[in-house]
Amino acid sequence: MKVRGWLAVGLLAPVVALTAGLYLVPLGVYLINGFHRFKDGRILPVWTLDTYAAFFTDAFSYKIMRTSLLLAAIVTVLALAIGYPVAYALHTRVRGAKARAVLAVVLFCPLMISVVVRTYGWLILLANQGLVNTTLLRLGLIDQPVRLLFNMQGVVISLTHIMLPFAIFPIYSVLGKLDASLKEAARDLGAGPWATFWGVTLPLTLPGVASGGVICFTLALSAFVTPQLLGGGRVQVLPLTVYNSTVEINWPEGAVTSVALLALSVLAVWAVNRVLRRLPTVA
């Protein structure tokens with residue numbers, strides 16, 4: 001056992017050292033700047049909580065946090081609302097293993113393309129003369145183009161598309177572990193398809209829903225490229241504040257904003273974990 005233990009340490013040591021050197025150390029140095037003061041374009045080497053106090057007493061900071069949380073919540077709800085039926089159909093309607101594999105690859109394809117490319121694609125689709133507005137105008141559903149760029153709507157649409165695979169596959173994974181005899185027993189007791197779904201399938205797949213939800217929420221909360229390009233500077237979220245502060249060499253403000261973003265993400269994961277402990281598990 002001792003030899004195996006030392007062997008495991010030896011195998012893990014390079015990875016731990018690389019992670020510490022390239023991630024933890026720079027991150028720690030950056031976060032330490034939060035305890036310094038930025039003045040006249042310089043970071044003053046004095047230890048203080050002034051930057052934290054300025055951030056958490058500024059109404060604009062809370063507005064940015066509310067926008068970030070609202071954006072992440074809307075995207076998560078939409079991704080789950082769209083993703084659950086897709087995952088359910090993939091599990092129940094697609095019978096062949098090859099067909100499922102093909103559909104899985106299709107669903108994963110967006111992840112193989114850079115988020116920048118996908119976002120620029122949505123810029124073209126959502127423009128006033130883009131495919132979406134042109135189609136709606138030709139169908140007579142609108143009289144003039146709907147403004148879908150440089151606002152919250154465009155960011156939500158693009159982020160929902162990006163987050164869909166992260167919502168679908170945790171749910172699909174849990175659906176694959178369901179015991180078919182439970183649904184058969186419900187039907188034998190007189191439950192119809194809807195009653196079986198609401199009474200058996202949905203409760204047992206809630207862990208997958210929760211897992212997909214926390215992944216979508218944390219990724220949407222930390223999204224930078226999509227709000228930057230599709231928001232046009234009008235959708236202010238925490239990652240954009242971190243970026244702008246860093247570019248302006250105001251590392252103390254960027255560090256404090258990063259701490260706020262990290263705290264919100266950790267709280268979201270903690271809350272979901274608490275909920276998961278109370279949900280039924282799939283055998």
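Core first: I looked up the largest nonpolar core and got 49 residues, with Leu71, Val75, Leu159, Met163, Ile171 and Leu238 having the most contacts inside it. For the record, a nonpolar core here is a set of buried Ala, Val, Leu, Ile, Met, Phe, Trp, Tyr and Cys residues joined through side-chain atoms within 4.5 Å. Buried means under 20% relative accessible area, exposed over 50%, and partly exposed in between (1.4 Å probe, protein chains only). At least two residues of this core come from each of α2 (50-56), α3 (59-92), α5 (115-126), α7 (152-176), α9 (193-221), α11 (238-247) and α12 (251-276). α7 supplies the largest share, 10 residues. Helices are DSSP runs (H or I, at least four residues), numbered from the N terminus.

Note on provenance: this is a predicted model, where local features need pLDDT of at least 70 and side-chain atom pairs count only at pLDDT 80 or more, while totals for chains, interfaces and linings use all residues. Residues are numbered from 1 along each chain as its sequence is written, and side-chain values use heavy atoms, with hydrogens and water left out.

Next I checked what Leu159 touches. Skipping neighbours within four places in sequence, I found Leu71, Val75, Ala220, Ala223 and Thr226 in contact with Leu159; contact means heavy atoms within 4.5 Å.

Is Thr119 buried or exposed? Thr119 sits in helix α5 and counts as buried because its relative accessibility is 0%. Outside four places in sequence, Thr119 touches Ser158, Val225, Thr226, Leu229 and Leu230.

Then Ile82, in helix α3. Ile82 has a relative accessible area of 40%, so I logged it as partly exposed. Thr160 and Leu164 are its contacts beyond four places in sequence. I also got 9.7 Å between the C-alpha atoms of Ile82 and His161, which are 79 residues apart along the chain.

On α11, I listed Leu238, Pro239, Leu240, Thr241, Val242 and Ser245 as buried. Ile249 follows α11 and has a positive phi, near 65°.

Last, the largest pocket. Its lining has 14 residues, and Tyr88, Thr92, Arg93, Lys183 and Arg187 lie nearest its centre. A pocket is an open set of points on a 1 Å grid over the protein atoms alone, where a 1.4 Å probe fits, with protein on both sides within 12 Å along at least five of seven lines; lining residues have an atom within 4 Å of a point. α3, α8 (180-188) and α9 each give two or more residues to this lining, and α9 gives the most, five.
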